[in-house]
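Subject: Structure handover

Hello,

Here is the structure I promised to pass on. Please open it first, then read my notes below with the model on your screen.

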Amino acid sequence: MKMKMIPKIETLQKITNVGVVAVVRAESAEQAEKIAQACINGGVPAIEITFTVPGAADVIKSLKEKFSKEELIVGAGTVLDSETARIAILAGAEYIVSPCFNLETAKLCNRYQVAYMPGCMTITEIVHAMEAGADIIKVFPGSVYGSSVIKAIKGPLPQAVLMPTGGVSLDNVGQWIKNGCVAVGVGGELTGGAKTGNYDQITETAKQFVSKVKEAREI
């Protein structure tokens, strides 16, 4: 008899398999959906809808209705508190991403077995988040330190599961992965084409990110 995988574990596995999370900050729900479609077309099924997007919960709900669970892994970003996390989860979010660590959000995500990825900058923050059960530590903003910070963190904390957001580009994504990240979060460097309505560009960029992550893992 084949054992069924726990949904949270399955979500984390899917995200780490592709290695890229598309951080979607859009001006409207319609634009967010177009960006999501373009990313999926480019091989990036992990879509983080930030709660700076107007009607973010409705966007998440709409994406869940539009795409199958095999096509899309949708999460909520810029989640600052447990109240927002609960709204996101009820809308269908499969993982919760924050720019900072919040204990009550960690507890809520643990309660409902939803993956939690809080943003941390210091070793102390990272340890506190890990102790609270955070699944992946979002190294944020990654642009402050650069990819070399991953090896520095991994020195005392080899068990830390890390994903940078901010400062990740096609030029350096391979180094982030080689230094020990399980995945990367990418915003404007991936979704920038939306500003001019060039969604084909987003698809092409997504393909390049996926390719570079795969290449870095094979080295």
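Please keep in mind that the model is predicted. Find isoleucine 9 in helix 1, which covers residues 7-18.

**The cores**

Now go inside. Which residues have the most contacts within the largest nonpolar core? They are Ile49 and Ile96, in a core of 63 residues.

Take isoleucine 49 as your example. Leave aside its neighbours within four places in sequence. Isoleucine 49 is then in contact with Val24, Ala32, Ala56, Val59, Ile60, Leu63, Val74, Gly75, Ala76 and Gly77. Another core, of 12 residues, lies apart from the largest one. Among its members are Leu12, Ile73, Met117 and Ile136.

**Salt bridges**

Side chains of opposite charge can pair when their charged atoms come close. How many salt bridges does the structure hold? There are five. Here are some to look at.

Begin with glutamate 30 and lysine 34. Their side chains meet in a salt bridge, at 3.6 Å from N to O. Both residues sit in helix 2 (residues 29-41). They are four residues apart there, so about one helical turn separates them. Is glutamate 30 buried or exposed? Glutamate 30 counts as exposed, because its relative accessibility is 54%. Lysine 34 has a relative accessible area of 40% and is partly exposed.

Go on to glutamate 94 and lysine 64. These side chains also meet in a salt bridge, at 3.7 Å from N to O. Glutamate 94 is in the loop between helix 4 (82-91) and strand 4 (95-97), while lysine 64 is in helix 3 (residues 56-66), so the pair ties together parts that are 30 residues apart in sequence. Glutamate 94 is buried, with a relative accessible area of 17%. Lysine 64, at 35% relative accessibility, counts as partly exposed.

Then see glutamate 104 and lysine 107. Their salt bridge has an N to O distance of 3.6 Å. The two residues lie three apart in helix 5 (residues 103-111), about one turn of the helix. Glutamate 104 is partly exposed, with a relative accessible area of 43%. Lysine 107 is partly exposed too, at 40% relative accessibility.

**Backbone points to check**

Most residues other than glycine have a negative phi, and most peptide bonds are trans. Look at these places with that in mind.

- Where is proline 141 found? In the loop between strand 7 (137-139) and helix 7 (142-145). A cis peptide bond joins phenylalanine 140 to proline 141, with omega about -10°.
- Threonine 78 has a positive phi, near 55°. This threonine sits in the loop between strand 3 (73-77) and helix 4.
- Glutamine 113 has a positive phi near 55°. The loop between helix 5 and strand 5 (115-117) holds glutamine 113. At 42% relative accessibility, glutamine 113 counts as partly exposed.

Best wishes

Technical notes. Residues numbered from 1 in each chain as written. Predicted model: local features only at pLDDT ≥ 70, side-chain atom pairs only at ≥ 80, totals over all residues. Heavy atoms only, no water. Core = buried A, V, L, I, M, F, W, Y, C linked by side-chain atoms within 4.5 Å. Buried < 20%, exposed > 50% of the residue type's maximum accessible area, 1.4 Å probe, protein only. Contact = heavy atoms within 4.5 Å. Salt bridge = Lys/Arg side-chain N within 4 Å of Asp/Glu carboxyl O.
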